[in-house]
Amino acid sequence: MSSVLDTKIEFLKGVGPQKAELLNKELNIYTFGQLLEYYPFRYIDKSKVFTIGEINSSIAYIQLRGIITKIETVGERQSKRLVAKFVDQTGEIELIWFRGIKWIAPSLKINHEYILFGKPTLFNNKFNITHPEMDLVEQALLSKSVGLEGVYNSSEKLTKKGLSAKGIHKIQQNLIQQVKGHIFETLSENILMKYNLLSKEEAVILAHAPTNDEQLQKALFRLKFEELFFLQLQILQQKVIHSETIAGKTFGEIGTQFNTFYSNYLPFELTNAQKRVIKEIRKDLGSGKHMNRLLQGDVGSGKTMVALLTMLIAIDNGYQTSLMAPTEILATQHYSSIKELLNTMEIHVELLTGSTKASKRKEIIDNLSSGKINILIGTHALLEENVKFKNLGYVVVDEQHRFGVAQRAKLWNKSSNSTITSFENKSELPPHVLVMTATPIPRTLAMTLYGDLDVSVIDELPKGRKPIKTIHFFESYRLRAYGLIEEEIKKGRQVYIVYPLINESETMDYKDLMEGFENISQRFPTPQYQVSIVHGQMKSDVKDFEMQRFVRGETNIMVSTTVIEVGVNVPNASVMLIESAERFGLSQLHQLRGRVGRGAEQSFCILMSGNKLSSEGKQRLNTMVSTNDGFEIAEVDLKLRGPGDIQGTQQSGLVNLKIADLAKDGQLIQLARNEAVDVLKEDPILQFTKNSHIRNHLMKIKQSKKNWSKIS
Ligand code: ADP
Ligand code: MG
């Protein structure tokens with residue numbers, strides 16, 4: 001069904017083919033409907049007219065009424081500008097134009113009364129206004145732009161063709177006249193009543209042409225709610241469809257391997273959270289449905305043991321399993337610790353990474369396809385085509401945020417008894433998938449990013465851990481930091497020193513690292529002290545060798561780049577010193593800090609920073625000092641950086657929201673999700689008449705998504 005909203009944008013009054021082409025290119029806007037969804041990013045109040053005498057620096061935008069008494073062009077070439085003197089009863093102010101002088105100058109009339117709108121700026125102790133919007137008083141009164149007005153994002157190209165913020169405002173007003181009476185409701189009567197929402201049409205019109213603030217807020221609420229509701233509906237529907245339609249292998253029993261290990265070799269008592277999570281996973285594995293689960297747990301919460309125990313369940317049921325880690329160091333560490341834990345049991349564990357020798361690789365591939373190997377641990381190397389299992393039943397992915405979405409998809413979509421990645425034989429059931437992450441994701445974001453997964457959370461650290469003490473030192477107090485390190489080493493503990501490496505290829509960063517290493521080596525000289533260094537440009541066997549020396553306690557200090565960020569476990573290490581800590585993001589700082597505090601002794605995290613800090617940098621470091629709670633840190637991170645910068649959001653397309661904001665509208669996300677859950681619970685495929693608006697709109701969204709995927 002075509003509607004006015006599908007009309008091509010060039011047919012809108014004030015647009016035409018040229019501007020239309022620009023709107024296509026710059027803003028992806030092709031139709032009336034799409035332009036309508038291009039909402040203002042803020043609103044300004046044009047209801048009040050100030051006098052020049054009232055101007056002060058606390059006023060961001062101002063509306064004045066007065067006359068121009070003088071116009072002149074001053075300066076040469078680059079500094080050429082148009083200056084007008086604007087006066088009212090209370091004083092005078094300069095208006096300045098740097099661009100468009102040619103056509104602005106002749107359009108200004110001396111001694112005519114204007115309403116102007118602009119941003120006063122202080123220059124040489126005097127206020128002036130650059131590039132004000134000017135309307136003759138008669139016009140201003142006619143165009144009714146005397147209340148709240150939306151401000152639209154524009155670009156240089158758009159502005160050149162007459163689509164400045166103001167130009168876009170103008171065509172939006174034309175558009176509203178055209179589409180009145182044609183904007184259909186998208187929500188059900190129930191929902192409208194329940195939350196006392198404006199109709200879709202009212203809300204859209206008010207968002208572009210607000211009458212007063214109260215109405216505007218109601219309009220924005222309605223539109224944001226709707227957007228988030230449909231987002232959640234899509235995510236949840238996927239989840240429902242997944243769990244209803246994709247069958248999984250049933251791991252019916254807990255057998256010898258699990259029981260033997262649990263009763264004889266478990267090195268510690270599980271925390272209650274670990275027990276609970278294992279039960280949740282076990283229930284999934286035995287349900288006959290396909291498991292697609294995210295395990296969230298702060299650094300050091302003991303996710304590896306959960307992975308191992310649940311892998312044993314798969315083995316007990318006759319299946320092979322696989323554990324994939326993002327880095328070679330981490331995969332190797334998993335391999336050695338799991339191998340040691342299973343030391344006396346008859347379970348065949350192997351490690352496959354990019355640097356596995358060809359002969360070993362061949363042996364592994366043979367033993368995989370014959371079913372001899374029970375657990376294969378590795379890096380991306382596991383995803384390669386020729387890595388074929390006999391009967392893969394369960395895949396665990398560690399630190400999943402480190403894998404790109406494409407890789408995640410590879411695991412998701414495959415369901416095979418042969419390779420991890422590809423599958424042709426559809427009659428085979430897919431292996432169960434558990435992804436583990438230590439990056440705490442704010443709940444609101446998790447609901448959206450991972451809304452299609454089931455989520456388990458380990459919210460408890462093993463007993464006896466002392467909270468890590470975090471201290472921030474400015475550069476000038478470096479010697480104190482070294483003093484603390486010395487004390488800890490004297491007690492027999494080990495120390496990490498981490499340098500930022502924002503760009504792996506940047507030689508500057510390596511220079512910092514190498515200089516730091518020299519300094520440390522001088523301050524902590526051999527033979528009394530042993531200092532290791534590890535970074536991304538080292539050969540992997542050298543890297544491993546150094547890493548292993550530190551793991552075995554043969555070196556006191558490990559100087560490195562962030563290669564050790566993920567997963568490495570050395571319980572004897574008690575100090576994490578982070579150099580140029582202001583250059584790291586919050587979640588990365590938290591990850592790094594999690595490398596210590598794994599034993600029973602007091603651990604320290606030292607944040608070294610330059611003496612000058614930006615206010616955001618300060619806020620990040622203060623947050624680290626004040627809390628150890630990963631989720632709290634994640635919330636601050638989301639507020640500081642916005643959702644676009646949080647790992648995984650860019651690729652997910654979730655940041656393409658038109659009006660809602662994942663960082664700011666947290667409560668609304670919860671509300672919208674709850675409502676979506678309720679609707680789907682009662683009517684999973686939206687067949688009830690009362691949900692027909694919802695069904696139609698959802699179909700439209702899906703349709704337009706499809707069209708896009710065809711284009712891109
Ligand atoms: P993460 O969740 O960060 O992957 P790990 O699995 O590496 O954490 O566990 C961190 C450390 O805690 C390891 O040394 C591990 O042996 C230990 N650990 C895990 N669970 C427990 C527990 N229930 N009691 C005591 N120590 C534990
Ligand atoms: Mg881990």
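Reply: The model shown is predicted, and the chain as a whole provides the setting. Of its 712 residues, 51% count as buried. The secondary structure comes to 25 helices and 22 strands. Among the contacts in the chain with a separation of 6 or more, 72% are accounted for by residues 24 or more positions apart. The chain exposes about 34300 Å², and carbon and sulfur atoms supply 51% of that area.

Serine 456 lies in strand 16, which covers residues 454-458. Its relative accessible area is 1%; because the cut-off for a buried residue is under 20%, serine 456 counts as buried.

The surroundings of serine 456 can be described residue by residue. Leaving aside residues up to four places away in sequence, serine 456 touches Val277, Glu280, Arg293, Leu294, Leu295 and Gln296. One of these neighbours, Glu280, also takes part in a polar contact: the side chain of serine 456 and the side chain of glutamate 280 make this contact at 2.5 Å.

Valine 534 is placed in strand 19, residues 531-534. With a relative accessibility of 0%, valine 534 counts as buried, because that value falls under the 20% limit. Glutamate 546 lies twelve residues from valine 534 along the chain, and the C-alpha atoms of the two residues are separated by 6.8 Å.

Note on methods
Residues are numbered from 1 along each chain as its sequence is written. Chains are lettered from A and ligands numbered from 1 in the order in which they are written. This is a predicted model: local features need pLDDT of at least 70, side-chain atom pairs count only at pLDDT 80 or more; totals for chains, interfaces and linings use all residues. Side-chain values use heavy atoms; hydrogens and water are left out. Helices (H or I, at least four residues) and strands (E, at least two) are DSSP runs, numbered from the N terminus. Buried means under 20% relative accessible area, exposed over 50%, partly exposed in between (1.4 Å probe, protein chains only). Contact means heavy atoms within 4.5 Å. Accessible areas come from the Shrake-Rupley method with a 1.4 Å probe; for residues, only the protein chains shown count as cover. A polar contact is a pair of N or O atoms within 3.5 Å; within protein, one must be able to donate a hydrogen and the other to accept it, and residues adjacent in sequence count only if both atoms are side-chain atoms.
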